[in-house]
Amino acid sequence: MPNNLDTVWTRGHFIGGHPAVDFTNAVFTRHMPGDDNDLLNSPRDVGNWLHFAGLATKAQANAISDIQAPAFLGSVRELRETSFSVFDALAAGKPPSTEALGLLFERAAKGLSGGGLKLVETDAAPQIVRFDDPKAIVAFFTTISIEAYFALPRERLHACPRCGWLFVDTSRGGRRRWCSMQTCGNREKASRHKEKADDQ
Ligand SMILES: [Zn+2]
């Protein structure tokens, strides 16, 4: 059963342009985070995230929700932060740390050689064999991150100047500045407006 502590995922959480980038944005903000900044607070949040992203069925998401391994949530968050450090560096035009990249490759390798992931189609990402297997879930997140690391157009990867969320700018003109105009774009306008008013 869902409860009112679950993160309610909406399309506004999936503005990154790639699931691996959306995954790094599973926090409220990257700038001046508060105590309740994390949006992944239970295995159910992780399962629901994959379901909303179209990467797991409801039944598969429920299997993730039931994962009892105490280290699972911490591993997912650690991976998210590692992945964020890689893509945030690329968005800033800097090389990512070799430790961060090494951890991604290491986790993905474990998932592949340990049987947690399977390859079904030649052109698709590896799939999770069992959704109640915490190592497989973590390995899956690593493989989508590695795929994004090689495949994403880096000159189009940006960080929102207001909240720090990452996104791939797929607009034709390549001038997207905000994670979303509705949230950060308009808030920035409103606060500039306020500053001006305060000056007078
Ligand atoms: Zn933003």
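Residues are numbered from 1 along each chain as its sequence is written, and side-chain values use heavy atoms, with hydrogens and water left out. Because the model is predicted, local features need pLDDT of at least 70 and side-chain atom pairs count only at pLDDT 80 or more, while totals for chains, interfaces and linings use all residues.

The largest nonpolar core has 44 residues. Such a core is a set of buried Ala, Val, Leu, Ile, Met, Phe, Trp, Tyr and Cys residues joined through side-chain atoms within 4.5 Å. Here buried means under 20% relative accessible area, exposed means over 50%, and partly exposed lies in between, with a 1.4 Å probe and protein chains only. Val46, Phe87, Ile137 and Phe141 have the most contacts inside this core. At least two core residues each come from helix 1, helix 2, helix 4, helix 5, helix 6 (134-151) and strand 4. Helix 6 gives the largest share, ten residues. Helices (H or I, at least four residues) and strands (E, at least two) are DSSP runs, numbered from the N terminus.

Aromatic rings come next. A pair of aromatic rings is described by the distance of the centres and the angle of the planes. Rings of Phe, Tyr and Trp (its six-membered ring) pair if their centres lie within 6.5 Å; planes under 30 degrees apart count as stacked, over 60 as edge-to-face and the rest as tilted. The structure has nine aromatic pairs. In one of them, Tyr149 and Phe150 have ring centres 5.0 Å apart and planes at 75°, so the pair is edge-to-face. Tyr149 is buried at 12% relative accessibility, whereas Phe150 is exposed at 57%. Ring pairs also join Trp9, Phe14, Phe23, Trp49, Phe52, Phe140 and Phe141 into a cluster.

Two arginines are placed over rings. A charge sits over a ring if NZ of Lys or CZ of Arg is within 6 Å of the ring centre and within 35 degrees of the ring normal. Arg154 lies over the face of Tyr149, 4.5 Å from the ring centre. The charged end of Arg30 sits over the ring of Phe84, at 3.7 Å from its centre.

Arg30 is also part of a network of salt bridges, together with Asp38, Arg77, Arg80 and Glu81. A salt bridge is a side-chain nitrogen of Lys or Arg within 4 Å of a carboxyl oxygen of Asp or Glu, and the structure has nine of them. Arg80 is buried at 2% relative accessibility, while Glu81 is partly exposed at 32%.

Two further salt bridges link separate elements. Arg44 and Asp6 have their closest N and O atoms 3.0 Å apart. This pair links distant parts of the chain, 38 residues apart: Arg44 is in helix 2 (residues 43-52) and Asp6 in the segment before helix 1 (19-24). Asp6 is buried at 13%, and Arg44 is partly exposed at 23%. In the bridge between Arg107 and Glu78, the closest N and O atoms are 2.9 Å apart. Arg107 lies in helix 5 (residues 98-113) and Glu78 in helix 4 (residues 72-91), so the pair ties together parts that are 29 residues apart in sequence. Glu78 is partly exposed at 35%.

The zinc ion has four protein donors: Cys160 (SG), Cys163 (SG), Cys179 (SG) and Cys184 (SG), lying 2.3 to 2.4 Å from it. Donors are N, O and S atoms within 2.8 Å of the metal (3.2 Å for Na, K and Ca); water is not among the atoms, so sites may look incomplete. The angles among the four donor atoms are 101 to 116°, and the site is tetrahedral, a label for four donors with all angles between 85 and 135 degrees. In sequence, the donor residues follow the spacing C-x2-C-x15-C-x4-C. Cys160, in the loop between strand 3 (157-159) and strand 4 (166-168), and Cys184, in helix 7 (residues 181-199), are 24 residues apart and link distant parts of the chain. Cys160 is buried at 1%, and Cys184 is buried at 4%.

Terms used. Tetrahedral: all angles 85-135°; square planar, octahedral: opposite > 155°, others 65-115°.
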